[in-house]
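User: Hi, I'm new to this one and would like someone to walk me through it. Could we take it piece by piece?

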Amino acid sequence: MNTIFAKSAPGRCAAVIESQAPTASAMLPATLLRARPPRLPECSELDIVRHFTNLSKQNFNVDANFYPLGSCTMKYNPKFTEYVAALPGFTQLHPLLAQLGDAGRAQGALRCLYETERLLCEITGMEAFSLQPMAGANGEFAGISLIAAYHKAKGRSRRVLIIPDSAHGTNPASAALAGFDIVNIESRDGMVDPQALADAIAAHNDNVAGLMMTCPNTLGLMETHLPAIVRQLHDIDALLYYDGANMNAILGKMRVGDAGFDVVHLNPHKTFGTPHGGGGPGSGPVGVNARLMPFLPVPRVEKQPDGNYRLNDALPQSIGHIAPFYGNFGVTVKALAYILRLGGEGLERVAEYAVLNANYLKKRLEDVLDIPFSRLCAHEFVASAPEGMHALDIAKALLDRGFHAPTIYFPLIVKECLMTEPTETESKETLDAYVEALRDIVSRGRDNPHALAETPTTLPARRFDETAAARRIRLTEDMV
Ligand SMILES: *Cc1c(COP(=O)(O)O)cnc(C)c1O
């Protein structure tokens, strides 16, 4: 498909209503104005509308089709959260207003921040939250920095973070970025193995800063040894990090603070009403128990005795800013709207449906795919492609039938892995249609292994040379 530049013809334009307001160029000194107009495309309104409508049709999206991409929670999010976040009272507010001592005119926004923090504390059982991190991985980096600050305040340097092999890939990446050495432990039957943990602790002893745990883990399983693990770490005054990106699996069923975790991050763009994908915006609120509170990022939102809200920058032990201002404020507004609209019962229902849907799919696919863990799963499950078939081929064949592929080849500990997450928002009819498509694909692949290698055939693009796409990347078009 051509870019919009190729459709440009001099003098074409869309209908616009002339504004009476002075233009930016009228207000700038002449020396700052460009001599020639920028080479922007000149198109009719119809050309523009068709161009972007057709482009959007080349994208797979959750508004159009089922998107069971494991670990990513590509669920349908209700549009009312977009409506609320787009209210002009929010979008027209300058982020510096609250900081420049004019918190009076930002009271509503500050209250939204404050109440969202309180609700997330209620949901997770933590003492305090910072809404500042801009994504899940950014929340991890913030949370690990809090663990580092905790040990530093105790006058010691601990350099080791223990991370199980069933953790999300961002966990070791964030830990490395924060300067920690990573000690990987192998899971047993899909669970963190208390013996492997004890061995790692014995080997690194008073150098262990903490443990990072993805829960439910990337195999879609809930850990069964949590109390023992918490005790093992706390016995040596090391801290426990809970990767709660997939909170939709446990909402209202378990509170990570009550389970003994010291720090948690959430992904509102998976769990709380912000669509996920396209690179953002997301956010990664980080919650802590009392022992980590002094180190939270600044500014903190505080409610004063007179009922007014203000921002407090004066926290001497804070790790400082993790992101500009208060993170992605619009995502916070959507999370607040979503939580209030669903209420406690609604949130519990989210977890029930997320888990029910995943177990339903898993059960119905048991005789088609190889499922390594037969136990009940949480919000997602992993399977291997049947003997002699490739996960990649199954994934591509699904695209031809209007389904997005599950996550493939992750987690690394399952061979030819297909990681499926149906999410709480899909109907039984959709799940059944997906099962039928997969059954048919596998049966065709068995009859003729080469048939799948040709897929997809119905999409705008077929298979890519992915190495070349990464190594010899071309992001510009040669302009005429
Ligand atoms: C998605 C995810 C992350 C990373 O979140 P981003 O917002 O993509 O940075 C971390 N951990 C788990 C378990 C996840 O599913």
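User: How far apart do the end C-alpha atoms of residues 351–442 lie, and what share of that span is helix and what share strand?

Analyst: This is a predicted model, and in it the end C-alpha atoms of residues 351–442 lie 30 Å apart, while the span is 43% helix and 11% strand. UniProt lists these residues, in an unreviewed entry, as "domain: Glycine dehydrogenase C-terminal".

User: Which domains is the protein chain divided into?

Analyst: The division gives domain 1, covering 4–57, and domain 2, covering 83–341. Taken over C-alpha atoms, the centres of domain 1 and domain 2 are separated by 43 Å.

User: Let's turn to the sheets. In what order do the strands of the seven-strand sheet come?

Analyst: The order is β1-β9-β8-β7-β6-β2-β3, in an open sheet with mixed pairing. Because β1 (128–130) and β3 (181–185) each have a single partner strand, they stand at the edges, and one side of each is left without a neighbour in the sheet. Direction ignored, neighbouring strands of this sheet are turned by 25 degrees against each other on average.

User: And what packs on it?

Analyst: Helix α8 (residues 194–204) packs on this sheet and touches β2 (160–164), β3 and β6 (208–214), with its direction at about 150 degrees to that of β3. Helix α9 (residues 226–234) lies across β6 and β7 (239–244) and runs at about 160 degrees to β6.

User: How does β8 pair with β7, and how with β9?

Analyst: With β7, strand β8 pairs in the parallel sense over four bridges, and Gly-244 has Leu-266 in β8 as its bridge partner. With β9 (residues 286–288), strand β8 (residues 263–266) pairs in the antiparallel sense over three bridges. On that side His-265 stands opposite Val-286 in β9, and the bridge partner of Val-264 is Gly-287.

User: Are the side chains of β8 buried or exposed?

Analyst: Val-263 and His-265 point one way from β8, Val-264 and Leu-266 point the other way, and all of them are buried.

User: What about the nonpolar core, how many residues does the largest one have?

Analyst: The largest nonpolar core has 58 residues, and those with the most contacts inside it are Ile-162, Leu-233 and Phe-272. Helix α10 (residues 329–365) gives the largest share of this core, nine residues. Leaving aside neighbours within four places in sequence, Ile-162 is in contact with several residues, among them Val-183, Leu-197, Val-208 and Met-212. Another core, of 26 residues, lies apart from the largest one and includes Ala-385, Phe-403, Leu-431 and Val-435.

User: There's a three-strand sheet as well. What is its order?

Analyst: That open sheet has the order β12-β14-β13, with antiparallel pairing, and its edge strands are β12 and β13 (407–408), each of which pairs on one side only. Four bridges join β12 to β14 (residues 417–420), where Phe-381 has Thr-420 as its bridge partner and Ser-384 stands opposite Cys-417. Both faces of β12 (residues 381–384) are covered, with Phe-381 and Ala-383 buried on one side and Val-382 and Ser-384 buried on the other.

User: Why does Glu-387 count as exposed?

Analyst: Glu-387 has a relative accessible area of 68%, and the cut-off for exposed is over 50%, so Glu-387 counts as exposed. This residue lies in the loop between β12 and α11 (391–400) and, leaving aside neighbours within four places in sequence, is in contact with Asp-370 and Lys-415. The C-alpha atoms of Glu-387 and Glu-416 are separated by 9.3 Å, although the two residues are 29 residues apart along the chain.

User: Last topic, the backbone. Where is there a cis peptide bond?

Analyst: A cis peptide bond joins Val-298 and Pro-299, with omega about -5 degrees, and Pro-299 is found in the loop between β9 and β10 (300–303). The peptide bond from Phe-410 to Pro-411 is also cis, with omega near -5 degrees, and Pro-411 lies in the loop between β13 and β14.

User: What is phi of Tyr-409?

Analyst: Phi of Tyr-409 is near 60 degrees, a positive value in a residue other than glycine. Tyr-409 lies in the loop between β13 and β14 and is partly exposed, with a relative accessible area of 34%.

Terms used: Residues numbered from 1 in each chain as written. Predicted model: local features only at pLDDT ≥ 70, side-chain atom pairs only at ≥ 80, totals over all residues. Heavy atoms only, no water. Pairing = 2+ DSSP bridges. Helix = DSSP H or I, 4+ residues; strand = E, 2+ residues; numbered from the N terminus. Axes fitted to C-alpha atoms, helices over the stretch in contact; angles between N-to-C directions. Contact = heavy atoms within 4.5 Å. Core = buried A, V, L, I, M, F, W, Y, C linked by side-chain atoms within 4.5 Å. Buried < 20%, exposed > 50% of the residue type's maximum accessible area, 1.4 Å probe, protein only. UniProt positions renumbered as here; feature names shortened; annotations may be inferred. Domains from an automatic or database assignment.
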